[in-house]
Amino acid sequence: EYWLNGQEVSRMTDDELARVRNREIGFVFQTFNLLPRATALENVELPLVYAGLSGKARRDRARAALERVGLGNRVDHRPNEMSGGQRQRVAIARALVNEPSILLADEPTGNLDSKNGEAVMELLKELHDDGATICMVTHDPRYARHAERTIHLFDGQVVRDEDARKAHELEESGFDVSH
């Protein structure tokens, strides 16, 4: 069984599952997956089209999401007119525009320099502090340190599941927690 927000997802039809994915789960991809000919605003509006919102409601919510990620002044820019960090923030705005309960982030810092990577991690922390569940895949220990819980995989199998905050505290005390 799989339950999400009181609904048994494992018994849903394909259409019901599509609605759950659209409304309850936000996706942030390493390669941004933005539509190249669409503006930032249009890219962020896309999930709202599938949710059935009117044009004005879509634009208002998309603008608010772009403001939230610090891009209120870039709504009319296309992806090729933005930096990698700005494109990733557009992708995050698109992922959060439906106010999902869960945000799945696949290497959200993978194509960014360290400054923009830290900015994205700070934004994800703010979203988590506001109540979103963030599930992030990363190979970079700098960004894994931001997590409360870290699950290590090897060849698709869980090899370690740890309370990351306790591990960080031990590490700062001088203990080797790598094994």
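## T150 in strand 6

T150 sits in strand 6, which spans residues 149-154. The model is a predicted one. T150 has a relative accessibility of 13%. Buried means under 20%, so T150 counts as buried.

Which residues touch T150, leaving aside its neighbours within four places in sequence? The contacts are A144, R160, D161, E162 and A164.

## Helix 2 and its cover

Helix 2 covers residues 40-50. Its buried residues are A40, L41, N43, V44, E45, P47 and L48. The cover over these residues includes helix 1 (14-24), helix 3 and helix 4. Just after helix 2 comes G52, with a positive phi of about 85°.

V44 is one of the buried residues of helix 2. Leaving aside neighbours within four places in sequence, V44 is in contact with A62, A65, L66, V90, A93, R94 and V97.

## The nonpolar cores

In soluble globular proteins, nonpolar side chains tend to be buried together. Here the largest nonpolar core holds 31 residues. Within this core, the residues with the most contacts are V44, L66, V69, V90, I92 and L127.

Helix 4 gives the most, with 6 residues.

## Helix 4 against helix 5

Two packed helices are described by the angle between their axes and the distance between the axes. For helix 4 (residues 84-96) and helix 5 (residues 114-129), the angle is about 15° and the axes are 10 Å apart. Angles under 35 degrees count as roughly parallel. Helix 4 and helix 5 are therefore roughly parallel to each other. The crossing of helix 4 past helix 5 is right-handed.

Which residues make the contact between these helices? Helix 4 brings G85, Q88, R89, I92 and L96. Helix 5 meets them with N116, V120, L123 and L127. By class, this contact has 5 nonpolar, 3 polar and 1 charged residues. I92 and L127 take part in this contact, and both are among the residues with the most contacts inside the largest nonpolar core.

Definitions and conventions
Residues are numbered from 1 along each chain as its sequence is written. This is a predicted model: local features need pLDDT of at least 70, side-chain atom pairs count only at pLDDT 80 or more; totals for chains, interfaces and linings use all residues. Side-chain values use heavy atoms; hydrogens and water are left out. Axes are lines fitted to C-alpha atoms, for helices over the stretch in contact, and angles run from 0 to 180 degrees between N-to-C directions. Helices (H or I, at least four residues) and strands (E, at least two) are DSSP runs, numbered from the N terminus. Angles under 35 degrees count as roughly parallel, over 145 as roughly antiparallel, 65 to 115 as roughly perpendicular and the rest as oblique. A crossing is left-handed if the near helix is turned anticlockwise from the far one by less than a right angle, and right-handed if clockwise. Contact means heavy atoms within 4.5 Å. Ala, Val, Leu, Ile, Met, Phe, Trp, Tyr, Cys and Pro count as nonpolar, Asp, Glu, Lys and Arg as charged, and the others, Gly among them, as polar. A nonpolar core is a set of buried Ala, Val, Leu, Ile, Met, Phe, Trp, Tyr and Cys residues joined through side-chain atoms within 4.5 Å. Buried means under 20% relative accessible area, exposed over 50%, partly exposed in between (1.4 Å probe, protein chains only).
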